[in-house]
Amino acid sequence: MKAIKIILGALSAFFTLTVFIYWFNLDTKIVKAIEKPMMDHYDNMQRDNRL
């Protein structure tokens, strides 16, 4: 019975976290924040144009 309560608590915490992320659109905000550093890094990489 104790294990079931732990599992239900973990599932409800996970559900609450995913609703919070969805409600405030945090996934898009995080991607938007890291897009510029990622693009700068990609633009500075050496290219190998041989096909």
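Biologist: What makes the charged end of Arg47 count as sitting over the ring of Tyr42?

Modeller: This is a predicted model, and in it the charged end of Arg47 is 4.5 Å from the centre of the Tyr42 ring. The rule asks for CZ of Arg within 6 Å of the ring centre and within 35 degrees of the ring normal, so the contact between Arg47 and Tyr42 is listed as a charge over a ring.

Biologist: Why is the contact of Lys36 and Asp40 called a salt bridge?

Modeller: Their side chains meet at 3.4 Å, N to O. The cut-off is 4 Å between a side-chain nitrogen of Lys or Arg and a carboxyl oxygen of Asp or Glu, so the pair qualifies. By this rule the count comes to one salt bridge.

Biologist: What makes Phe15 exposed or buried?

Modeller: Phe15 lies in helix α1, residues 2-23. Its relative accessible area is 55%, over the 50% limit, so Phe15 is exposed.

Biologist: How do you know that the span of α1 agrees with its 22 residues?

Modeller: At 1.5 Å a residue, α1 should span 32 Å, and its end C-alpha atoms are 31 Å apart, so the two agree.

Terms used
Residues are numbered from 1 along each chain as its sequence is written. This is a predicted model: local features need pLDDT of at least 70, side-chain atom pairs count only at pLDDT 80 or more; totals for chains, interfaces and linings use all residues. Side-chain values use heavy atoms; hydrogens and water are left out. Helices (H or I, at least four residues) and strands (E, at least two) are DSSP runs, numbered from the N terminus. Buried means under 20% relative accessible area, exposed over 50%, partly exposed in between (1.4 Å probe, protein chains only). The expected span of a helix is 1.5 Å times one less than its number of residues.
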